[in-house]
Amino acid sequence: MDSAMMTTRTPVQCARTQRFTTGSDWRVWDMALGADGSVALSGYHEETDRTFIDLLFIDPDCTDKCRIIFSKEFEESPNSRTRYVSYISSGQIVTCCDDTIELINYNQQSTILSRTFSGRAASMAVSEEGDQHIFVGLYRSNKVIVFSSPGLTELKTITLTGLEDGDYVCELGVMGAAHTLCVRTTGYNSKPLVYNINGDVLTEPLTAMNNTQAWSIAVSSELMMVLWSGGTLITAHHIPSLIEGGRHSSLADRDGGRHIVACFKIDESLKIRIKNNRLLTVHYNTGEVKVYGKEDIFSLPTLLPALSSTITGTEVTKLANYFDITSDQSITDIRTLVQRLTDVGIITPQNIVQLIRACKDLNLQDAARILSIYQSEHKHDVQDGVSYSEKELRKKLLLLEEENQRNVDTISSLEMGKKTLEESRASLEKELETTNQSLQESKKTQTSLREKLTTTEQTLIKSEETQANLREELHALNRRLTQEMGQTREELDQTRETLEKTTDNLHQAELKSAQESKALEEVLQQTKQALEEKKKTITSLEMREKSLEGSRYSLEKELENTNQSLQELKKTQTSLREKLNATEQSLTESEETQANLREDLHAQNRGLTQDLDQTRETLKKTTSNLHQAELKSAQESKALKEVLQQTQQSLEEKEKAITESDVVQDSKDDDNGDHSAIQESTLAAGFGRLLVTVDEDLTLDSSLKVAMLFQLPPSNIDLLRRISLVETPGGQLLDILKERDIINMYDVTNLQKALMGIRLKRTNETVLVPYQESVSKHLFEEHRTAELLPWPEEEEEQTIEEEKQEDSHTEGL
């Protein structure tokens, strides 16, 4: 690799936490990146050996500010002060120190699970694809323990092969669903290596520009980033190609590093991590985190140092001739070639498809592989490339097609809107029908409520009459009871007076004569008996008075209950009248809503019809403009092709003159060698232009017809269909024909027959026939391909003008 082409990238953001102030004794040891953009740092204090974890979020709107999400300090460990950290899922991290592994929920600031294991941790990583497992490398051992997530159960132990005695894994990354292990070992030369899940080494130690000691590694998708000794040089290695290169040594680059797809310098750092096309670095002492964007990692300036080691000056010249961009001064270095190709619009920083195709055509396989890897990193940014000679014209056609498509989409959306309105209309009609049914039910309910109201009023009238009768009966009973109580009191008073008089007479009789005691005793007994009867009479009168009072109390209660029932009946009558009024009001509103819905439906139908008519008129105008633009495009394309044909004819005349002069000369070895080289270069350039032109004329339909003529296998036909989704399938078809030796640079007759067979006579006459005539007969005979198709039978030929009219008519349809 050419170190002169290496550039130093500038970070887009820099931030540090309050922990790392001036003169701080805190040091960073490990770093991890979360899916939400947060950064986890772990480290230790030099004096106290306490360890820490800080989770911070760098503000994307500010280049130097960060926010602390979670922070925790741990007591010093007796055997180690190195702490490792990785993300498990949203809200959870896993940390490992000495012989303890912990699962922490940083949102709840709590430790979920903690386990110990045999050994001492020297590195840790978490797989992001497939089954999520935790990998822990052991100190001074070639063992890696695999834990389950989130249960922290030991699943297996991997033994890494190929490590020297005393070496161990001091940094670890897991790639892909197959859990390929990218490791950095310790020792005098800290080496980056790649292992499979069984512990078998897949590559030799990586190197770059005579650097053999790595400081840090980072894994993303299919790439491994390596920070080399000194902390400033970073290289990006494509791991699948690196593994393939271990089996084919010819794929290694000339500086000893395999498949380096990017190379650049950064500010001095200790650790690097990459996620979502963002590269983050951290300094050991200052704790400063720096962020580099995608354009800093994968761009043409970072690609050039790796590309320079695979393309020589002669090959650069061949590429310049291929694109026909030679100037007064020859182009011999890749930087100048890439700059020229960018200036003329053949490639862009996101689209280098044309350069990849050129390298494949010139058999520059190493360069094509590196460029393809670079292109895959920009696959979401790629736009279909077009020929630079017709770029502006194609832009106009694309704009017209886009406008036409927009109109078609508008019509489709209007038709969808019409369908939606029809569905809405149907639903409104259903709703109207439901409303009518509800209205009928409401009328029935209203009738039943009126009947209930009438019944209630009648019941109320009867209750009032019953209440009046009860009141009269109560008053009469009260008067009768009052009279009876008065009479009873008078009789009681009279009986008491008689008793008193009798008692007095009894005493007097006892005093008057003891002789008359018997008679008096008899009289006394009679008197006592009469007195007891009177007492019984008084007692019965008192009991009757109490029963009358109880009857009076019960009658009063019954009267009170009757009043309450009367009040409830009045409330029920009021609520029934309110419900009746509400039902009549809702019935009126339903009728008004039904009328409004009908008016809105008619208005929407009228507006939709007007919009549809306007869109149809706009589509007719756009279609007319498109036809005019296509006719103009065909005329300009014909003019360009006529200029190209005249230029090619002049080149052919020069070649014929050189050929005739070379036949006369006797020294054929030297002169014919130079002429052959010139002719080969010219023929290769013409063949490349032919492939580009035919690629533009071949659609998916015509490509499939040609494939069927040559009886290509179904796998190739499926490949053409898939390619047509992202680019024109003609280029892929021509590559297949070249690989199967159906056509070559000296013989395209099979392609001529196929194009005539599918009625692409104009392409054959304007492109293939002039090119085949420019090939000398002895080269044609020497490299002639097998004749796979017969020449089609002669039919009544159409003129070029008739073909143009037919094509334009077909495209218009």
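How do the residues of the lining of the second largest pocket divide into nonpolar, polar and charged? In this predicted model, the lining of that pocket comprises 21 nonpolar, 15 polar and 11 charged residues. The second largest pocket is lined by 47 residues, and its volume is about 1,200 Å³. Among the lining residues, E128, V219, S220, I274 and K275 lie nearest the centre of the pocket. At least two lining residues each are supplied by strand 2 (26–33), strand 6, strand 10 (121–126), strand 14 (169–175), strand 17 (214–220), strand 21 (271–275) and helix 7 (365–377).

Strand 6, one of the contributors to this lining, also belongs to an open sheet of 4 strands, in which the order is 6-7-8-9 and the pairing is antiparallel. Strand 6 (83–89) and strand 9 (110–116) each have a single partner strand and stand at the edges, so that one side of each is left without a neighbour in the sheet. On average, and with direction ignored, neighbouring strands of this sheet are turned by 20° against each other. Within the sheet, strand 7 (residues 92–97) and strand 8 (residues 100–105) run antiparallel and are joined by 6 bridges; V94 stands opposite L103 in strand 8.

The axes of helix 3 (residues 300–308) and helix 7 come within 11 Å and cross at roughly 160°. Because angles over 145 degrees count as roughly antiparallel, helix 3 is described as roughly antiparallel to helix 7. The crossing in which helix 3 passes helix 7 is right-handed.

The largest cavity has a volume of about 50 Å³, and its lining consists of Y322, R357, D361, L691, D695, G731, L734, D735 and K738. Two or more residues of this lining are given by each of helix 6 (353–361), helix 10 (668–697) and helix 13 (730–739), and the largest share, 4 residues, comes from helix 13. By class, the lining of the largest cavity has 3 nonpolar residues, 1 polar residue and 5 charged residues.

Technical notes. Residues numbered from 1 in each chain as written. Predicted model: local features only at pLDDT ≥ 70, side-chain atom pairs only at ≥ 80, totals over all residues. Heavy atoms only, no water. Pairing = 2+ DSSP bridges. Axes fitted to C-alpha atoms, helices over the stretch in contact; angles between N-to-C directions. 1 Å grid on protein atoms, 1.4 Å probe; cavity = no way out; pocket = protein on both sides within 12 Å on 5 of 7 lines; lining within 4 Å. Points joined across faces, edges and corners; volume = space filled by probe spheres on them. Nonpolar A, V, L, I, M, F, W, Y, C, P; charged D, E, K, R; others polar. Parallel < 35°, antiparallel > 145°, perpendicular 65-115°, else oblique. Left-handed = near helix turned anticlockwise from the far one by under 90°.
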